[in-house]
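Subject: Structure handover

Hello,

Please find the structure below, with the sequence. My notes on what turned up in it follow.

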Amino acid sequence: MSHHIVQVKGLRHIYPDGTIALQEVSFLIHHGESVAIIGANGAGKSTLLQHLNGYLTPTAGDINIGDFPLTRATLPDIRRTVGMVFQDPDDQLFMPTVFDDVAFGPLNLGLSGSILEQRVEECLSRVGAAHLRDKPPYHLSGGEKKRVAIATVLAMSPDILVMDEPTSGLDPHARRQLLALLKDFSHTKIFTSHDLDMVFELCERTIILHEGLVKADGPTREIFNNADLLAECCLEKPFSMQNCAACGRPKTGL
Amino acid sequence: MASLHSAVLDLRRLELMANGDSTIHRLDARAKVLVTLVFIICVVSYTRYELAALFPFFIFPVVMVSLTGIPPLFIIGKLALLCPFVLAMGLFNPVFDREILVQLGTLGISGGWISFASILTRSILTVGTAFILVGTTGFTAVCRALERLGMPQVFAVQLLFLYRYIFVLTEESGRASRARELRSCGKKGLGIRSFGSMTGHLLLRTWQRAERVHMAMLARGFSGEFRTHHVSRFGWAEITFITVWSGLLIFMRIFNIPHLLGALLAGSIS
Ligand SMILES: Nc1ncnc2c1ncn2[C@@H]1O[C@H](COP(=O)(O)OP(=O)(O)OP(=O)(O)O)[C@@H](O)[C@H]1O
Ligand SMILES: [Mg+2]
């Protein structure tokens with residue numbers, strides 16, 4: 001897969017209980033793009049992301065990752081290409097220690113010995129969790145779990161990084177660290193977030209989901225300048241774009 | 001519920017102990033699994049009235065615990081958890097089986113009491129050894145060893161998932177019962193009704209979470225094959241370990257050591 005594109009065509013998802021989570025979603029994300037998917041609670045963001053590595057099957061519509069359609073046969077390869085960080089890190093950590101957990105993916109890829117050790121150490125220190133390596137995951141704080149969950153995915157060196165609310169629950173320092181890390185990651189990234197400042201900083205492009213439909217898709221700055229659109233989708237401008245709370249003047253540098 | 005919850009979480013501590021370092025920890029998992037199997041077969045194969053011959057078998061868990069640095073109190077605590085089940089299993093033996101088998105002075109001990117004690121001893125021996133195996137090897141490595149010893153892969157994977165599922169279930173039930181406790185304002189029972197719906201809810205949630213965890217495993221390249229980063233080979237240490245222990249265990253199974261000792265003592269006195 002030379003081109004890590006993500007193409008979603010007419011995606012529709014209805015949960016078994018009849019909830020229409022996605023009505024009709026289409027977009028094309030090119031190689032190396034960094035795209036934010038935003039929207040109110042329950043807009044369908046998590047549902048959409050869970051389709052990208054085959055956890056959910058579309059009720060209707062198609063998904064192509066790279067040159068391949070997402071089908072049963074291509075699923076194992078696609079799961080290796082698409083690294084996914086879930087919204088709830090508890091779902092992602094299942095080994096007895098942090099080290100074992102981060103090593104799980106690379107082991108399955110066939111790494112072993114000191115190369116494996118090195119890869120795990122490196123990924124843990126990239127998310128600032130090197131000191132946690134021998135702890136059991138269920139004894140970590142929420143933010144620590146999140147960091148380790150991100151490390152487990154980085155350890156697979158995915159070509160496309162998909163993250164569901166990566167910064168939720170992180171302290172400001174860890175959030176900064178993650179921002180820097182994501183900026184370094186040159187492949188395709190897709191994430192959902194309620195942290196609109198992060199979106200503004202990291203993504204050239206933003207897709208707004210609203211009640212299971214793509215409400216807007218375009219350059220981040222344009223979207224955040226459209227006050228009517230944001231209000232309609234229960235969103236607000238990022239703080240860094242709002243006028244200064246103390247003096248009411250626009251912030252400099254924008 | 002809360003205490004059961006913490007007891008199971010404690011089992012995870014056992015898993016952590018498997019990361020320790022001792023001569024026993026370093027042995028290939030297959031050697032440990034094999035000896036444990038021999039041990040369990042030996043212990044289980046006794047007739048229900050056999051009691052004295054079981055005691056020499058305590059040598060295996062005792063030596064293992066002392067060589068590996070697993071806290072013995074921890075294992076004993078876990079075994080205490082088992083007692084209710086064993087009691088339920090063997091409790092009626094003394095009631096139904098009243099035939100006197102042993103006469104101690106004026107006190108007659110019925111077959112029921114002896115078989116009850118025998119069940120208890122055998123449970124402690126087998127479960128305790130199984131705990132020690134997991135504590136020195138780790139469950140994943142045990143499953144992998146079973147597979148390499150010839151167990152079909154499907155079964156080995158099922159076993160591993162079953163084991164993980166126990167944790168997911170207790171975690172979920174811990175959360176649910178905590179939420180219930182907090183909202184029931186200190187009252188003990190909220191009645192069978194809420195309990196019923198809670199159980200149903202719990203199973204659904206557990207199932208969904210187990211599915212998401214499975215998904216996370218698949219997403220990281222899990223294809224039903226076990227891999228562990230401890231590379232181990234079958235060497236002289238393993239062969240010695242297996243020969244010495246299996247030899248001793250089988251010897252103890254064939255010759256009733258307490259009897260032999262008794263006969264020897266009686267012989268030397270007369
Ligand atoms: N398993 C499920 N069964 C039925 N309905 C579901 C299920 N999961 C989610 N939904 C519903 O689908 C809709 C979209 O949910 P989704 O989790 O995708 O929202 P989201 O955009 O990620 O929200 P948030 O910002 O709160 O994470 C919601 O209305 C939700 O109630
Ligand atoms: Mg969500």
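I begin with the ligand site. Ligand 1 has 15 residues around it, and those that come nearest are A:Gly42, A:Lys45, A:Ser46, A:Thr47 and A:His194. Please keep in mind throughout that this is a predicted model.

- A:Lys45 places a polar side-chain atom 2.6 Å from an oxygen atom of ligand 1.
- A:Ser46 also has a polar side-chain atom by an oxygen atom of ligand 1, at 2.7 Å.
- A:Gly44 takes part through its backbone, with an N or O atom 3.0 Å from an oxygen atom of ligand 1.

On its own, ligand 1 has 640 Å² of accessible area, and the protein covers 66% of this. Helix H1 of chain A, residues 45-52, supplies 3 residues of the shell, the largest share. By class, the shell around ligand 1 holds 8 polar, 4 nonpolar and 3 charged residues.

Next, the interface of the two chains. Which numbers of residues meet when chain B is in contact with chain A? On the side of chain B there are 25, and these are in contact with 25 residues of chain A. The size of an interface is often given as the accessible area lost when the parts come together. For chain A and chain B the buried area is about 2,500 Å², with 59% of it on carbon and sulfur atoms.

There are 2 salt bridges between chain B and chain A. In one that joins B:Arg212 to A:Asp91, the closest N and O atoms are 2.5 Å apart. Counting polar contacts across the interface of chain B and chain A gives 4 residue pairs, with both residues at pLDDT 80 or more. On chain B, the side that touches chain A draws at least two residues from each of helix H1 (2-17), helix H9 (153-183) and helix H10 (191-219). H10(B) gives the most to that side, with 10 residues. The classes on the side of chain B that touches chain A are 11 charged, 9 nonpolar and 5 polar residues.

As for the build of chain B, its secondary structure comes to 12 helices and 2 strands. Along the sequence the order is α-α-α-α-α-α-β-β-α-α-α-α-α-α. Taken along the principal axes, the C-alpha atoms of chain B fill a box of roughly 75 × 50 × 30 Å.

Last, the salt bridges of the whole structure. The search over all chains finds 15 of them. Among them is a pair within chain A, where the side chains of A:Glu201 and A:Lys183 meet at 3.4 Å, N to O. This pair links distant parts of the chain, 18 residues apart: A:Lys183 sits in helix H6 (residues 172-184) of chain A, and A:Glu201 in helix H7 (residues 196-202) of chain A.

Regards

How values were computed. Residues are numbered from 1 along each chain as its sequence is written. Chains are lettered from A and ligands numbered from 1 in the order in which they are written. This is a predicted model: local features need pLDDT of at least 70, side-chain atom pairs count only at pLDDT 80 or more; totals for chains, interfaces and linings use all residues. Side-chain values use heavy atoms; hydrogens and water are left out. A residue is near a molecule or strand if one of its heavy atoms lies within 4 Å of it. A polar contact is a pair of N or O atoms within 3.5 Å; within protein, one must be able to donate a hydrogen and the other to accept it, and residues adjacent in sequence count only if both atoms are side-chain atoms. Accessible areas come from the Shrake-Rupley method with a 1.4 Å probe; for residues, only the protein chains shown count as cover. Helices (H or I, at least four residues) and strands (E, at least two) are DSSP runs, numbered from the N terminus. Ala, Val, Leu, Ile, Met, Phe, Trp, Tyr, Cys and Pro count as nonpolar, Asp, Glu, Lys and Arg as charged, and the others, Gly among them, as polar. Contact means heavy atoms within 4.5 Å. Buried area is the accessible area (1.4 Å probe) that two parts lose on being put together, summed over both. A salt bridge is a side-chain nitrogen of Lys or Arg within 4 Å of a carboxyl oxygen of Asp or Glu.
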